[in-house]
Amino acid sequence: MKKKKQTAFVFAGGGSLGAVQVGMLKAVTSAGITPDFLVGASVGAMNATFFASDPSKQGALRLEKIWKGIKRQNVFQVSPLAEALSFLSWRNHICSVKPLKHLIKKHLSFDRLEKTQLPCHIVTTDLFNGIEVSFSKGPAIDALLASSAIPGVFPPVKIGDHYLIDGGVTNNTPISVAITKGADRVIVFPTGMSCGLNTPPKKIVEMALQTLNLAVSHRLKSDMEKYGDSSEIIVLPCLCPLDISIFNFSRTDELIARSEKNITQWIQNGGMERKSDPEILRPHYH
């Protein structure tokens, strides 16, 4: 008897740009495309876990409702005192984790990862040795806080013997985890790719986002080339351009709507019927 192909949805990190993935999910679920398991890092871990509890069109709509209610202070709550203490090296982070923890607890319908309807693998990074650590069992909130612990923004999370930080540090788009867990077909939900530039970015945030996106794109391209012969890898097309900070939640509605329309048209044009070429990740010019 022929073994059924295993399909994994892989969700990349990207802060507030995780809203893009919600639009993608709405389009994909409307087309009847479903996964066997999910993998995510950072905000992608959040989306993967919430969707894993109800991996359906209704689940995508529920996730959309959650996202549309999120404001910056629900995630990145910074006080002048915290900034001063961190600047003086008395603290290793500037944001309290309490608002994010409250947000997760408010909307999560289960307490342990093994209670999701589909298996879900959360990717984190060991702070001391940089080793990738993933979870599919155990306390869900702890794993999600660890995977989202952006260095310098949130404190590390201790789970067992590990002090853990953002999974995006080592593997922002964890295709390799999906392959290791048995995926024959990987559908990647990115948050954004870089456009080619003719002059250097003028603002600090723009510079940081440009360099981060280049690093993420390079790792993703490398993984596609490495695993492309053994697995079918499909990268959903990103929105372009994206001039939004990963800390800005004011344009969530726009990102979801644009992304859903973009992916719906792409699917109708046969996008899901062909493997993605790693060359699509090269910086493009306008």
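I began with helix α1 (residues 19-30) and helix α10 (residues 252-268) in this predicted model. Their axes come within 7 Å and cross at roughly 40°. I noted that two packed helices are described by the angle between their axes and the distance between the axes. Angles under 35 degrees would count as roughly parallel and 65 to 115 as roughly perpendicular; α1 and α10 are therefore oblique to each other. I looked up the hand of the α1 and α10 crossing as well, and recorded it as right-handed.

Next I listed the residues in contact. On the α1 side I found Ala-19, Val-20, Val-22, Gly-23, Met-24, Lys-26, Ala-27 and Val-28. They meet Thr-252, Leu-255, Ile-256, Ser-259, Glu-260, Ile-263, Thr-264 and Ile-267 of α10. I sorted the residues of this contact into ten nonpolar, four polar and two charged.

Then I turned to helix α2 (residues 43-52). How many of the ten residues of α2 are buried? I counted ten of the ten, so α2 is largely enclosed by the rest of the structure. The buried residues include Asn-47 and Thr-49, along with Met-46, Phe-50 and Phe-51.

Last, I took down the totals. The protein has ten helices and eight strands. Of its 286 residues, 53% are buried. The protein exposes about 14,100 Å², and carbon and sulfur atoms supply 54% of that area. For contacts with a separation of 6 or more, I noted that 77% come from residues 24 or more positions apart.

Notes
Residues are numbered from 1 along each chain as its sequence is written. This is a predicted model: local features need pLDDT of at least 70, side-chain atom pairs count only at pLDDT 80 or more; totals for chains, interfaces and linings use all residues. Side-chain values use heavy atoms; hydrogens and water are left out. Axes are lines fitted to C-alpha atoms, for helices over the stretch in contact, and angles run from 0 to 180 degrees between N-to-C directions. Helices (H or I, at least four residues) and strands (E, at least two) are DSSP runs, numbered from the N terminus. Angles under 35 degrees count as roughly parallel, over 145 as roughly antiparallel, 65 to 115 as roughly perpendicular and the rest as oblique. A crossing is left-handed if the near helix is turned anticlockwise from the far one by less than a right angle, and right-handed if clockwise. Contact means heavy atoms within 4.5 Å. Ala, Val, Leu, Ile, Met, Phe, Trp, Tyr, Cys and Pro count as nonpolar, Asp, Glu, Lys and Arg as charged, and the others, Gly among them, as polar. Buried means under 20% relative accessible area, exposed over 50%, partly exposed in between (1.4 Å probe, protein chains only). Accessible areas come from the Shrake-Rupley method with a 1.4 Å probe; for residues, only the protein chains shown count as cover.
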